Amino acid sequence: MKLKLSRALCATTALATGLLVSGQAFAQSTGTALVEELVVTGSTGPRNLDGAIMAIEEPKSRVGITAEFISRQTPGQSVLDSINLLPSVNFTNNDAYGSAGGDFVIRGFDSQRVAVVQDGVPLNDSGNYAVFPNQQLESDLIERVTVNLGTTDVDSPTAAAAGGTVNYVTKRATQDFGVRAEVGVGSEDMQRYYATINSGAVGPFGTRMWISGMYQKYDHFRPHNSPIPAPGGIEKKQFNARIDQDFGDIGQASLIFNYNENRNAFINRINLATFQRQGVTAAGAPDTSIVAPSVCSRPTPGAGAQVDNSGATLCPSNFFEYSINPSNTGNIRGLSSWKLTDDITLTFDPSFQYVLANGGGAQIFPENDPQLRGNSTAAGVDLNGDGDILDRVYLYRPNTTNTRRYGLTTSLIWKFADNQSVRLAYTYDRAKHRQTGDVGFIGQDGVPENVFGGKDGEGRQVTLPDGTNLRRRDRLSVALLNQVAAEWRGRFMEEKLLLNVGVRAPFFKRDLNNYCFQQNTFNAYCTTQVGTPVPGTNDGTGRPLVTFPAATLNSNAALRYGNPRSFTRKYDDVLPNLGASYEFTDDLSVYVSYAETLSVPRTDDLYDQILVDPGPERSKTYDLGVRYQTPQLMLAGAIYLTDFSNRIERVLDEPSGVAFSQNVGDVRNKGLDLQLGWKPVEEFSFYASYSFIDSEILDNIPNAVAGILPTKGKSVYETPKHQGGARVQYDPTEWLSLGAQAKWVGDRWTNLVNTEKFRGYELVDFDARFKLNEIPGLDAMGNNTYIQFNVRNAFNKRYLGDITPNLTGTALGQPGYRRSFIATLHAEF
């Protein structure tokens with residue numbers, strides 16, 4: 001009866017108190033947070049066991065972690081790595097510290113089909129929905145993370161979350177002045193410096209704010225059995241700030257700022273055969289190809305014939321400085337809740353995002369190549385300034401993405417009875433998505449003059465005689481999402497029965513402009529040359545495909561290109577989101593849910609040789625779950641079925657070196673998710689999860705090159721059938737806390753015909769925390785000042801992590817990081 005009373009008290013007082021913003025709730029937007037607090041949770045917020053498992057009452061498959069658990073992971077780690085022990089989540093980190101990137105799969109859906117949301121702001125790329133783990137919010141600033149497995153919230157601001165959502169909430173500013181600071185050192189010469197200053201309540205209105213900064217750098221790790229270290233490294237800067245203001249009975253508002261800057265080089269991916277040889281070539285010699293070459297010796301330009309690269313003895317094409325991955329990203333987010341009447345509340349969450357990023361790359365350009373001449377009469381371009389046009393010159397050639405994105409999520413909530421509420425929600429999301437390949441210059445040392453290749457004034461561009469600049473692609477798209485949603489919630493039968501009926505209707509439009517000739521999904525040719533029409537062909541616009549004369553940059557004169565074009569694509573749907581739960585006791589409940597999701601085509605699938613529209617991907621997910629939740633023991637289990645239609649996969653055909661999209665058709669996922677949290681005594685806790693997933697392609701796939709592929713009954717690549725995680729935490733004294741955790745990942749197929757697989761692996765981590773204020777003579781320190789030690793991959797397991805999949809043949813994988821040690825001094829006062 002006690003739980004029911006606290007829930008009823010929350011429901012009758014929440015609108016009046018105005019305390020229901022993201023700091024109290026664990027959903028993604030202010031509107032969803034408020035609705036769930038009103039009808040679902042008790043006034044004291046969600047329970048948890050050492051932060052590794054949370055008590056959830058929402059009638060859907062949702063799991064989560066809190067700041068307490070996040071703080072035991074490697075400080076500064078990507079928040080997406082911190083959710084790796086949750087059921088059905090498999091995150092593959094590219095290094096031990098999180099700033100080199102990575103990828104994750106949830107219930108068989110890759111990260112591009114899962115919405116990552118920060119305080120209501122969608123963080124997936126607006127063009128291809130990619131997620132960048134190394135650009136996420138500093139982990140110490142995160143209050144909690146929740147994961148919707150296979151479903152969205154009714155107001156989720158996304159047109160691509162077919163596989164679920166990852167929502168994380170930023171910590172609010174505190175009422176009292178305070179400082180948190182960390183200094184960390186670790187393997188690979190890792191250094192990290194971090195501080196947050198809380199102002200406390202200041203000024204006549206009790207305004208609260210904090211400001212935070214972080215700097216981290218380290219070397220690339222040496223892959224297992226590599227004869228030489230990997231050159232290059234990681235440098236990351238991040239700045240954050242937040243302002244919170246209460247307005248009494250009227251409401252409250254928050255403004256949050258984030259800026260992140262990464263500079264790093266990619267770590268070489270390798271195939272399975274190279275991995276199995278353990279650092280030697282097929283001939284038995286040390287395999288130096290595991291890491292990128294670190295030496296570049298370019299000839300000095302001079303009159304006469306000059307070749308900047310004639311092989312690995314000079315400046316190889318895979319020189320590590322060409323494989324850089326720079327990014328500048330930032331956003332501003334507003335959160336607010338306003339009481340209009342005693343029963344009606346308005347939430348208003350605006351946002352703005354900025355992205356400038358690329359993945360590096362270099363290419364040799366003959367100075368007399370037709371692409372450089374364009375439609376001019378010039379004989380060529382003197383790229384290295386030696387007075388002739390006889391040379392072959394390396395130029396920096398990245399694919400740069402520049403995005404400016406404006407968003408708004410708002411809800412009008414009417415609590416028309418003590419046990420019921422209704423909500424109307426609206427989402428606006430407009431992203432101007434500029435994809436260019438501006439070519440820049442490379443110095444004599446092999447280092448690009450500017451990491452963004454002249455984009456937006458960032459360095460010199462290569463200008464051509466026809467008045468254009470040299471580029472590898474040139475696209476402009478505007479993605480516009482207008483979404484309306486409605487939701488009703490109510491509790492009945494003495495509050496034992498919770499019903500949730502929601503529907504969202506996304507209206508999505510892409511205005512697309514391709515200013516270059518398109519060879520296939522991912523390869524373009526930017527020139528003012530006039531192509532030769534191919535009789536009897538049609539690029540989808542009524543114009544014939546064209547060819548260009550053979551040249552070094554376009555070595556095959558038989559290549560056919562679609563013409564530059566502008567076009568529009570529109571997609572809309574009505575997507576139900578239904579759930580019901582029933583409490584047999586205060587601790588035991590069951591739930592059932594049904595949700596439909598939509599993932600509209602990515603820009604890369606629309607920019608093709610022939611104008612195409614593959615149509616949206618759709619999924620229908622059914623869940624049946626049970627929860628037993630007490631302060632000492634939490635159990636959760638769910639079985640689910642997801643029918644996924646029109647699935648589009650991105651694959652690399654390694655023999656030809658061509659990446660393309662492949663329609664896989666219908667896929668069915670069936671699975672089981674289990675969680676256990678146990679805290680029998682205050683000093684000890686245990687957590688474990690297990691997931692089983694059966695991912696089945698329902699039909700054979702027609703393919704233009706390989707014919708009919710025997711995929712019926714096969715599994716989708718990169719999806720382990722079995723996986724699990726576990727953590728033990730033991731606090732024997734007030735000053736000492738010990739932890740150990742393990743992640744187990746089963747075998748994963750690497751292609752759609754299931755002829756190659758990467759073997760499963762287990763990663764074991766340890767952590768230990770020593771509170772300094774308990775040491776005699778140091779008792780003046782704050783209660784939360786400590787030294788923490790983390791060991792990652794403690795048993796030095798060799799494995800291949802993130803997969804670049806393939807259609808039928810071999811794939812590439814990211815070598816796993818080696819054993820790493822980290823020591824962090826955390827001080828609060």
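This is a predicted model: local features need pLDDT of at least 70, side-chain atom pairs count only at pLDDT 80 or more; totals for chains, interfaces and linings use all residues.
I started with an open sheet of 5 strands, in the order β1-β7-β8-β5-β6, with mixed pairing. β1 (62–66) and β6 (121–122) stand at its edges with a single partner strand each, so one side of each has no neighbour in the sheet.

For I142 I found T170 as the bridge partner in β8.

**Whole chain**

I stepped back to get the overall picture. I noted 7 helices and 44 strands for the chain. The radius of gyration is 27 Å, close to the 28 Å from the globule rule for 829 residues, so the chain is as compact as a globular protein of that length. Along the principal axes, the C-alpha atoms fill a box of roughly 90 × 65 × 60 Å.

I also checked burial: 59% of the 829 residues count as buried. The chain exposes about 30200 Å², and carbon and sulfur atoms supply 59% of that area. For contacts between residues at least 6 apart in sequence, I wrote down that 69% join residues at least 24 apart.

**Around β29**

Next I went to strand β29 (residues 588–599). I found 9 of its 12 residues buried, so the strand is largely enclosed by the rest of the structure.

Which strands pair with it? On one count, β28 (residues 575–583) runs antiparallel to β29 over 7 bridges, and a hairpin of 4 residues joins β28 to β29. Here I saw Y582 opposite V590 in β29. β29 also pairs antiparallel with β30 (residues 617–629), through 12 bridges. In that pairing S589 stands opposite R627 in β30.

**The disulfide**

I counted 1 disulfide in the structure. C516 and C526 form it, with their sulfur atoms 1.9 Å apart. C516 sits in the loop between β22 (497–514) and β23 (517–518), and C526 in the loop between β24 (524–525) and β25 (532–533), so the pair ties together parts that are 10 residues apart in sequence. The link of C516 and C526 is right-handed, with 100° about the S-S bond. I checked both cysteines for burial, and C516 and C526 are each buried.

**Salt bridges**

The structure holds 42 salt bridges, and I looked up a few.

D429 pairs with R405, the closest N and O atoms being 2.8 Å apart. This pair links distant parts of the chain, with D429 in β20 (residues 420–438) and R405 in β19 (residues 400–417), 24 residues apart. Are these two buried or exposed? D429 is buried at 9% relative accessible area, and R405 counts as buried at 10%.

K415 and D418 form another salt bridge, with 3.6 Å between the closest N and O atoms. I noted K415 as buried at 9% relative accessible area, whereas D418 is exposed at 59%.

I then looked at R759 and D747, whose side chains meet in a salt bridge at 3.4 Å, N to O. R759 is in the loop between β39 (757–758) and β40 (761–771), and D747 is in the loop between β37 (736–745) and β38 (748–749), 12 residues apart. R759 is exposed at 57% relative accessible area, and D747 counts as partly exposed at 29%.

Last entry: I found a network of salt bridges linking E58, D155, R423, E487 and R489.

Conventions. Residues are numbered from 1 along each chain as its sequence is written. Side-chain values use heavy atoms; hydrogens and water are left out. A disulfide is a pair of cysteine sulfur atoms within 2.5 Å. Helices (H or I, at least four residues) and strands (E, at least two) are DSSP runs, numbered from the N terminus. Buried means under 20% relative accessible area, exposed over 50%, partly exposed in between (1.4 Å probe, protein chains only). Two strands pair if DSSP finds at least two bridges between them. The radius of gyration is taken over C-alpha atoms; the globule rule is 2.2 Å times the number of residues to the power 0.38. Contact means heavy atoms within 4.5 Å. Accessible areas come from the Shrake-Rupley method with a 1.4 Å probe; for residues, only the protein chains shown count as cover. A salt bridge is a side-chain nitrogen of Lys or Arg within 4 Å of a carboxyl oxygen of Asp or Glu.
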